[in-house]
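Dear colleague,

Please find below the structure that I am handing over to you. My notes on what was found in it follow directly after.

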Amino acid sequence: MATFTKDSIIATSAETEKKATSISKCDRCFQSKCCQYITQAIVTPRSIKDFDSLIWQVSHQNIHLYKDTDGWFLTCFGQCEHLSESGLCGIYEKRPFVCREYSDAHCEFDQPEDAHCDLYFTSYQQLDDYCRNRFKTWDARFDKLK
């Protein structure tokens, strides 16, 4: 994983074709925060079976689950393979539409990802505790298998 410093970003910024303005958050973000994960919208979980599937997913390293005003999402942490040593996009002119359309209006530069969430789970234990409170029969879900 690349190590980024303010000096390394400034030194290479003249070499990049990045068209961000000097007042954009991207120019002030030296950690390339938005290039360190992907977030995928998921169908709103309602049943014990839905949450049991999510507890399996959040049990894996670098997988988080959250709910905000827009719905439910899975976040998978892993750096984009096109992020250069300088912290800039190595394929800027050929980057996917999702990158082109990304807005920094609400990004991690302003506040951590979980600051705007109604619910945020980073582990099996956190989601298990939530499910125990939400479903009275949560712990009995395996009884039929005996």
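In this predicted model, helix α3 meets helix α5 through F51, L54, I55 and V58 on the α3 side, while α5 contributes Y124, L127, D128, Y130, C131 and R134. By class, the residues of this contact comprise 8 nonpolar and 2 charged, with no polar ones. The axes of α3 and α5 come within 9 Å of each other and cross at roughly 165°. Angles over 145 degrees count as roughly antiparallel, and α3 and α5 are therefore roughly antiparallel to each other. The handedness of the crossing between α3 and α5 is right-handed.

Both helices also lie across strands of a sheet. Helix α3, which spans residues 48-58, lies across β1, β2, β3 and β4. Its direction is at about 135° to β2. Helix α5, made up of residues 124-134, lies across β2 and β4 and runs at about 135° to β4.

The sheet itself is open and has 4 strands, in the order β1-β3-β2-β4, with antiparallel pairing. Its edge strands are β1 (37-42) and β4 (119-121), each of which pairs on one side only. From one strand to the next, the twist averages 20°. Within the sheet, strand β2 (residues 63-68) and strand β3 (residues 71-77) run antiparallel and are joined by 6 bridges. Y66 stands opposite F73 in β3.

The chain has a mean pLDDT of 80, and 72% of its residues reach 70 or more. Among the elements of the chain, the highest mean pLDDT belongs to α5, at 98, whereas the lowest, 38, belongs to helix α1 (residues 6-13). The pLDDT is below 50 over residues 1-22. Beyond near neighbours in sequence, that stretch has 32 contacts in the model.

With kind regards

Key: Residues are numbered from 1 along each chain as its sequence is written. This is a predicted model: local features need pLDDT of at least 70, side-chain atom pairs count only at pLDDT 80 or more; totals for chains, interfaces and linings use all residues. Side-chain values use heavy atoms; hydrogens and water are left out. Two strands pair if DSSP finds at least two bridges between them. Helices (H or I, at least four residues) and strands (E, at least two) are DSSP runs, numbered from the N terminus. Axes are lines fitted to C-alpha atoms, for helices over the stretch in contact, and angles run from 0 to 180 degrees between N-to-C directions. Contact means heavy atoms within 4.5 Å. Angles under 35 degrees count as roughly parallel, over 145 as roughly antiparallel, 65 to 115 as roughly perpendicular and the rest as oblique. A crossing is left-handed if the near helix is turned anticlockwise from the far one by less than a right angle, and right-handed if clockwise. Ala, Val, Leu, Ile, Met, Phe, Trp, Tyr, Cys and Pro count as nonpolar, Asp, Glu, Lys and Arg as charged, and the others, Gly among them, as polar. pLDDT is the predictor's confidence in each residue, from 0 to 100.
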